[in-house]
Protein chains: 2
Amino acid sequence: MILRILVVAVALAASAGATIRATDALPSESLVVTASSLGQKALNDPAAFDFVEALTTEIGQRLAGTEAHRRAVVWAEARLKAAGLENVHSEPFSFPAWIRGAESADIVGPVPQHLAVTALGGSVATDANGIEAEIALFRTYDDLLAAAPGSLSGKIAVVTQRMVRAQDGSGYGAANPIRRYGPSEAARRGAVAYLLRSLGTDSHRLPHTGALNYQDGAPRIPAAALAIPDAEQLERLAALGPVRIRLLLTPTIQENAPSWNVVGEVKGTERPDEVVLIGGHLDSWDLGTGATDDGAGIAIVFGAARLIAGLPQRPSRTIRVVLFGAEEMNFSGAAYAQAHEGETGKIVVAGEADFGARNVYSVQLPGGAAGSDFGHTLERIIAPLGANVDRRPALGGGDDIRELQKAGVPAVSLRQDGLDYFDTHHTADDTLDKIDPKQLDQAVAVWSAFTYLAAASDVDFRRLAPTAK
Amino acid sequence: MILRILVVAVALAASAGATIRATDALPSESLVVTASSLGQKALNDPAAFDFVEALTTEIGQRLAGTEAHRRAVVWAEARLKAAGLENVHSEPFSFPAWIRGAESADIVGPVPQHLAVTALGGSVATDANGIEAEIALFRTYDDLLAAAPGSLSGKIAVVTQRMVRAQDGSGYGAANPIRRYGPSEAARRGAVAYLLRSLGTDSHRLPHTGALNYQDGAPRIPAAALAIPDAEQLERLAALGPVRIRLLLTPTIQENAPSWNVVGEVKGTERPDEVVLIGGHLDSWDLGTGATDDGAGIAIVFGAARLIAGLPQRPSRTIRVVLFGAEEMNFSGAAYAQAHEGETGKIVVAGEADFGARNVYSVQLPGGAAGSDFGHTLERIIAPLGANVDRRPALGGGDDIRELQKAGVPAVSLRQDGLDYFDTHHTADDTLDKIDPKQLDQAVAVWSAFTYLAAASDVDFRRLAPTAK
């Protein structure tokens, strides 16, 4: 999961108060019965956990641009076909693949100590011998931004601002600029490298990676995340006197690397050209096995689509499952939106499961839909599962559908409990054992109910939703 | 903390039922008042936390035999002197120092995957290119022991038995042979290398190191611990078919490396030749900064001795603080006992704080003392601190005092809450942030009360205690 929805969020928030219109037809009682029974069935269906167990065991990490990701694409196509989905195929695109190299950091003075670090995705390499420099430590990002031009000349800038633990991930959203833009901000002030306290809520020696965005007009300097105990160790040492660090990072970029968005569908019976798009991302970071980010997410939408595909009577609209191919490096959503530009008006709603493996506690519908007949009906179905329908509209539905959303596609957000998501997010610790099958099943249940109801009913979120440009 | 007390435990258990004799004089009320006020003072004394904060920040890891440990010895002498202790000095000994090298493990088939491993202390190295072999996986240690001679020929033996979480560390004691003796047992059956699921209770990609003991008559094969998620990944993969692993370990041994037991005393006023020995170990494993193992332990005994040294009226017996120098590799306790062989009869009681940084919930006194006047008085003092006096006698008091105990020195065991101790024990995660200052202070309080009372009263544990040979 990455989070870069602030611009969209602000744009949509302006129209979030749009009047609720109750013009959609009430979903029929038979649809409600089917959606409810799908939800109940999901609670005891091992398919989603089996999916993520097999993916993380048989493939493991699947950084976009690596051979492992290519294997994952073949694996995923076979799984979608075996689950009864149709039109299974992969849509290729190319992108500059960033591949991790060696990475290490050591305090060389006042006394030698090892530091646990990991390069940020997209970081340039250091010299082969590494960079050795004194650090300039800032306890907040604002302190860095307040530093005068040139004041960091020749230094390694270090930002140790804490990230807040929050169920909805808002702590990550707030801290995200520290990783995204910190390297360029530090470089503008003369820094030769950049370290940040990992964007995470744990206390382990496992640093959190994630992509940076170099800004135009700033030198590109190597950048890495410190494990949280290591950031705190630097705070203590820096309070005692000058600290020198040697940093070594040797990542490489492969231009025009191939990736693929993997697609499978449950074809609609009556309005097959209208699409309910549900997705997640198949790629992962390379440190762990991508179990919660985003093996769980694609397992959830897979599990939901599989259950619906197995119904005696399929819904009228097409359900399209998209397993995006380069989310962590920000490329697959744009590639998908570009390839499907002509089809945008046919996508009734889009949602992405990319916030871990825990239960869905709340559904945010597209603007105008929360208080509609659809919203009321959905709430009846998911309340017994332990989820509600939020009165606030969805602002963002996931990074891969952001470009679709910008083009006018209504977004849904099925909000999962993320209180501990950032304990392991983007670390070596993102492994299968972090998934509770029962909570995963609950998420599948809510996704099944929503997806079925959206595809089988007459609701038209496009009409209800405010248009965002 | 290491645990190798089974032999001693069994020997002492046989005499644990010794009759309680109430022949010791009741500690005077003024001693009780002083011991109680020491305990209360400790609850708000920052000295112990400051000690471990400075040690782990300014020195960091201090594996015996490394330059960092040498720095720690100098640092510790200065701290003991500054705290008002007398006769501060270091007692040298030599030992074969094991120094970690490179370490990595990767699954090479069925699909490439990285594994998080760490060499066991004392392990021999692999070839410079590593060892590549198929694994033979055993879910229990008994399954390995049941394997026929020669049946593991050419294979890497893997044992994935789980360790039980227990407040008193009994899960570690029970699992300890898997690490200590597993390498030799596997080698006897033909294995070329040995991997075990880390002896730990966490679920992080941070393997737990710890020493092994090669047995006579078995080939010495390289041995390492897998992080717990990695052991579980191997279980899943091995269930699907053959798994091949490449293991690389390049540790070295430096024979006759120097180490030191650092000593400081609060000289007794009336019976200075009678000694209450309290200790911990200054050395640590090299992966973390040795905060809970055993920075916390030596901080606790330091904090207790410092408070007692600051009293207007010091106790009649000598309190001796010993910071042992090579506990993790099992050398400092024997070195100390040998150097002090002639003094054994003068040590009234010995205790070691080597079980983390949490509160003391129970004190086990030497055999025969629990129900004595001393025991009753101690209970009055520590009950308000949240600790009791166990009716069962101490069996082991710590690895460094095991040899003293064998020579007849009575041992005391101040039992700390170890429910989460093995989450970070012997890993890179053993860092300062794992210490709760309030719990550490409580431990100092109980140690202060016990140590003072033992040194100021007339209790003679040597007379009460059953003799172990």
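Student: Which residue does A:Arg320 form a salt bridge with?

Tutor: A:Arg320 pairs with A:Glu265, and their closest N and O atoms are 2.7 Å apart. Keep in mind that this is a predicted model.

Student: And where do those two sit in chain A?

Tutor: A:Arg320 is in strand E12 (residues 317-324) and A:Glu265 is in strand E10 (residues 252-266), so the pair ties together parts that are 55 residues apart in sequence.

Student: Are A:Arg320 and A:Glu265 buried or exposed?

Tutor: Both A:Arg320 and A:Glu265 are buried.

Student: OK, over to chain B. What does B:Arg205 form a salt bridge with?

Tutor: With B:Asp230, where the closest N and O atoms are 2.7 Å apart. B:Arg205 lies in the loop between strand E7 (193-197) and strand E8 (223-226) of chain B, while B:Asp230 belongs to helix H8 (residues 228-240), so this pair links parts that are 25 residues apart in sequence.

Student: Why does B:Asp230 count as buried?

Tutor: Because its relative accessibility is 3%, and the cut-off for buried is under 20%. B:Arg205 is buried too, with a relative accessible area of 8%.

Student: What about B:Lys434, which residue is its salt-bridge partner?

Tutor: That's B:Asp433, with 2.7 Å between the closest N and O atoms. B:Lys434 counts as buried at 17% relative accessibility, whereas B:Asp433 is partly exposed at 28%.

Student: Which element gives the most to chain A's side of it?

Tutor: H8(A) does, with six residues. Helix H3 (47-59) and helix H8 (228-240) of chain A are the elements that give two or more residues to that side. By class, the side of chain A that touches chain B has 10 nonpolar, 10 polar and nine charged residues.

Student: How much area do chain A and chain B bury between them?

Tutor: About 2100 Å², with 52% of it on carbon and sulfur atoms. In chain A, the residues losing the most area to chain B are A:Thr57, A:Arg205 and A:Arg236, together 26% of what that side buries.

Student: Now domains. What does the domain assignment of chain A give?

Tutor: Domain 1 covers 2-97 + 256-468, and domain 2 covers 101-250. Their contact takes 24 residues from domain 1 of chain A and 26 residues from domain 2 of chain A. The centres of the two domains, taken over C-alpha atoms, are 33 Å apart.

Student: How much do domain 1 and domain 2 of chain A bury between them?

Tutor: About 2000 Å², 58% of it on carbon and sulfur atoms.

Student: And how many salt bridges cross the interface of domain 1 and domain 2 of chain A?

Tutor: Two. Elsewhere in the list of chain A pairs, A:Asp168 forms a salt bridge with A:Arg415, with closest N and O atoms 3.9 Å apart. Between domain 1 of chain A and domain 2 of chain A there are also seven residue pairs in polar contact, both residues at pLDDT 80 or more.

Terms used:
Residues numbered from 1 in each chain as written. Chains lettered and ligands numbered in written order. Predicted model: local features only at pLDDT ≥ 70, side-chain atom pairs only at ≥ 80, totals over all residues. Heavy atoms only, no water. Domains from an automatic or database assignment. Contact = heavy atoms within 4.5 Å. Buried area = accessible area lost by both parts, 1.4 Å probe. Salt bridge = Lys/Arg side-chain N within 4 Å of Asp/Glu carboxyl O. Polar contact = N/O pair within 3.5 Å; in protein donor to acceptor, adjacent residues only side chain to side chain. Helix = DSSP H or I, 4+ residues; strand = E, 2+ residues; numbered from the N terminus. Buried < 20%, exposed > 50% of the residue type's maximum accessible area, 1.4 Å probe, protein only. Nonpolar A, V, L, I, M, F, W, Y, C, P; charged D, E, K, R; others polar.
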